Amino acid sequence: MDLINAINRRRSARKFLPRSPEKDQILPIMEAARFAHSIANRQVLRYMVCLNKAKSLRISDFVNLNTTHQNLHENEENTSAPAYIICAGPEGESPNLYADVGTAFQNMSLAAMTEKLSMCFVTEFDSAQITKEFELPPGFKILAIFAIGTAAESSVAYNAESLPEHIENASDSRIIQIPKLRASQITTWIE
Ligand SMILES: Cc1cc2nc3c(=O)[nH]c(=O)nc-3n(C[C@H](O)[C@H](O)[C@H](O)COP(=O)(O)O)c2cc1C
């Protein structure tokens, strides 16, 4: 896939088909993580990959994608993520470490597209609960959680002159429109 095309087409997914990704599909994504930028090339992030359906359902209880199964109405199908990647880093680090998380996620989410998988960066999660159930490396804490699977929604970006005052819950419909400001609106040129 052409790189610029992939960058433009990458979208966060919050509704997923039930099938779990295969380990072989995750391996290139972890390869992409290892080649990401990191502060002083310290490479301190560690990833716990959960492909287990039941355990992923458990993680879904503690993350806020607005579509997790506890919000389901009767007869509504479960669209929660079939897999997660828990991203952990050493405790007591500078907040700059979150830049490493961002660069890693970007590599990973682009690599995921080559496997026809979609991801969502999640910062709203119950760290205490997840840490209680899934053992982290000693001295590490959860920095972010990445939902991953086959998207069950279609999400497209459009050129927006300005952002809507209230960005709708992105998981309300199965065709999601994501406003993106134009490059000219986010750029100034230093002459
Ligand atoms: C640092 C960061 C934290 C995010 N946290 C959440 C989150 O907790 N829950 C969620 O549903 N989406 C989360 N997102 C996804 C954003 O909402 C999404 O990137 C944004 O709406 C733009 O859509 P796009 O990724 O499809 O371009 C997060 C994204 C970033 C970069």
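Of the contacts in the chain between residues at least 6 apart in sequence, what share joins residues at least 24 apart? The figure is 76%, where contact means that two C-beta atoms, placed from the backbone, lie within 7 Å. This is a predicted model, so local features need pLDDT of at least 70, side-chain atom pairs count only at pLDDT 80 or more, and totals for chains, interfaces and linings use all residues. Numbering starts from 1 along each chain as its sequence is written.

**Overall layout**
- The chain has six helices and six strands; these are DSSP runs numbered from the N terminus, with helices being H or I of at least four residues and strands E of at least two.
- Reading from the N terminus, the order is α-α-β-α-β-α-β-α-β-β-β-α.
- Out of 191 residues in the chain, 30% are buried. Buried means 20 or more other C-beta atoms within 10 Å of a residue's own, exposed means 12 or fewer, and partly exposed is in between, with C-beta atoms placed from the backbone.

**The nonpolar core**
- The largest nonpolar core holds 35 residues; such a core is a set of buried Ala, Val, Leu, Ile, Met, Phe, Trp, Tyr and Cys residues joined through C-beta atoms within 7 Å.
- Tyr-84, Cys-87, Met-108, Met-119, Phe-146, Ala-147 and Ile-148 have the most contacts inside this core.
- Two or more core residues come from each of H2, strand S2 (83–90), H4, S3 and strand S4 (140–149).
- Take Met-108: setting aside neighbours within four places in sequence, it touches Ile-29, Ala-32, Ala-33, Met-119 and Phe-146.

**Helix H2 (residues 23–34)**
- Ile-26, Ile-29 and Ala-33 are the buried residues to look for in H2. Seen down the axis, the buried residues of H2 fall within an arc of 60 degrees, so they line one face of the helix; the arc is that of the directions from the helix axis to the C-beta atoms.
- An α-helix has 3.6 residues a turn, so residues three or four places apart point the same way.
- Turned away from that buried side, Asp-24, Glu-31 and Arg-34 are exposed.
- Strand S1 (46–50) and helix H4 (97–114) are among the elements covering the buried residues of H2.

**Helix H3 (residues 53–60)**
- In H3, Ser-56, Ile-59 and Ser-60 are buried. They cover an arc of only 105 degrees around the axis, which puts them on the same side of H3.
- Their cover includes S1, S2 and helix H5 (127–133).

**Around the ligand**
- The ligand is surrounded by 14 residues, the closest being Arg-11, Ser-12, Phe-121, Thr-123 and Glu-124; a residue is near if its C-beta atom, placed from the backbone, lies within 6 Å.
- Strand S3 (residues 118–122) gives the most to this shell, with three residues.
- The shell has six nonpolar, five polar and three charged residues. Here Ala, Val, Leu, Ile, Met, Phe, Trp, Tyr, Cys and Pro count as nonpolar, Asp, Glu, Lys and Arg as charged, and the others, Gly among them, as polar.

**The loop between H2 and S1**
- Asn-41 sits in this loop and has a positive phi of about 55 degrees although it is not a glycine. With 6 C-beta neighbours inside 10 Å, Asn-41 counts as exposed.
- Gln-43 is in the loop between H2 and S1 too, and its phi is positive, near 50 degrees. Gln-43 is partly exposed, with 13 other C-beta atoms within 10 Å.
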